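Please keep the sequence and the model at hand while reading.

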Amino acid sequence: MDTDDLMVDLLPGTNVVRLVMLHWDDRPTEGTGDRANDCAESGSGSVLTGRLISRACLDQFDQILKWANSKGLWSIITARASIAAGEVIDGVAAPNVFTDMALRNRFVRMWQQVAARYRSFDGIAAYEVLSEPRVRPSDGDGVAESVRSFYAAACAAVHAEDPRTP
């Protein structure tokens, strides 16, 4: 029995799982110096394939979502993108999805690809496009509006691909 099956056995009333598995421009994967565990597709691969999320991550998501569905669980697909969300890293001036329109557009298009892929999967309860902004309303003029407009754009992009799933 693997740990996932153990979870179902230990928590028999569970019917939803929040899958924080989409690491995209995320500090834990960036900090290792090895981007292999980060789902953000970068370099010439994204230009050639049109993908903004790595094939390895999509394959892993397919497997996990099919497992969750086989156990009767609803899944919430969640992105953890701490750097893209504005986390400050000492000595690094990293762009974020609230102030850098190019990064925002890539992230929103990535979510469109995710929603298009999983709109036909059974058991998708919701898409959580970004678990938490790392910027604060006190960070300056317009930050609050930038956060609101990012979420509006990301949610609209997801709903354009999968209008039945929140």
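Across the whole structure, a search finds 6 salt bridges, a salt bridge being a side-chain nitrogen of Lys or Arg within 4 Å of a carboxyl oxygen of Asp or Glu. The model is a predicted one, in which local features need pLDDT of at least 70 and side-chain atom pairs count only at pLDDT 80 or more, while totals for chains, interfaces and linings use all residues. Residues are numbered from 1 along each chain as its sequence is written, and side-chain values use heavy atoms, with hydrogens and water left out.

| Pair | N to O distance |
|---|---|
| Glu 87 and Arg 134 | 3.2 Å |
| Glu 161 and Arg 119 | 2.9 Å |
| Arg 164 and Asp 162 | 3.9 Å |

Glu 87 and Arg 134 link distant parts of the chain, 47 residues apart. Glu 87 belongs to the loop between β2 and α5, and Arg 134 to the loop between β3 (124–128) and α6 (143–161). Helices (H or I, at least four residues) and strands (E, at least two) are DSSP runs, numbered from the N terminus. Glu 87 is buried at a relative accessible area of 18%, whereas Arg 134 is partly exposed at 23%. In these terms, buried means under 20% relative accessible area, exposed over 50%, and partly exposed in between (1.4 Å probe, protein chains only). Both residues also belong to a network of salt bridges that includes Glu 132.

The side chains of Glu 161 and Arg 119 form a salt bridge as well. This pair likewise connects distant parts of the chain, with Glu 161 in helix α6 and Arg 119 in the loop between α5 and β3, 42 residues apart. Glu 161 is partly exposed at 24% relative accessibility, and Arg 119 is partly exposed at 37%.

In the salt bridge of Arg 164 with Asp 162, Arg 164 is exposed, with a relative accessible area of 60%, but Asp 162 is buried at 2%.

Asn 96 is found in the loop between β2 (74–80) and α5 (101–118). The residue is buried, at a relative accessible area of 9%. Its side chain reaches the backbone nitrogen of Thr 99 at 3.0 Å. Leaving aside residues up to four places away in sequence, Asn 96 touches Ile 83, Ala 84, Ala 85, Gly 86, Leu 103 and Val 135, contact meaning heavy atoms within 4.5 Å.

Ser 75 is located in strand β2 and is buried at 2% relative accessibility. Its contacts, again not counting residues up to four places away in sequence, include Val 17, Leu 19, Leu 65 and Ala 68, and also Gly 123, Ile 124, Ala 125 and Ala 126.

Helix α6 has 19 residues and reaches 28 Å from its first C-alpha to its last, close to the 27 Å expected at 1.5 Å a residue; the expected span is 1.5 Å times one less than the number of residues. Buried residues of α6 are Val 143, Val 147, Phe 150, Tyr 151, Ala 154, Ala 157 and Val 158. Viewed down the helix axis, the buried residues of α6 fall within an arc of 130°, so they line one face of the helix; the arc is that of the directions from the helix axis to the C-beta atoms. An α-helix has 3.6 residues a turn, so residues three or four places apart point the same way. The buried residues of α6 pack against α5 and β3, while Arg 148 and Ala 160 are exposed on the other side.

Notes
Polar contact = N/O pair within 3.5 Å; in protein donor to acceptor, adjacent residues only side chain to side chain.
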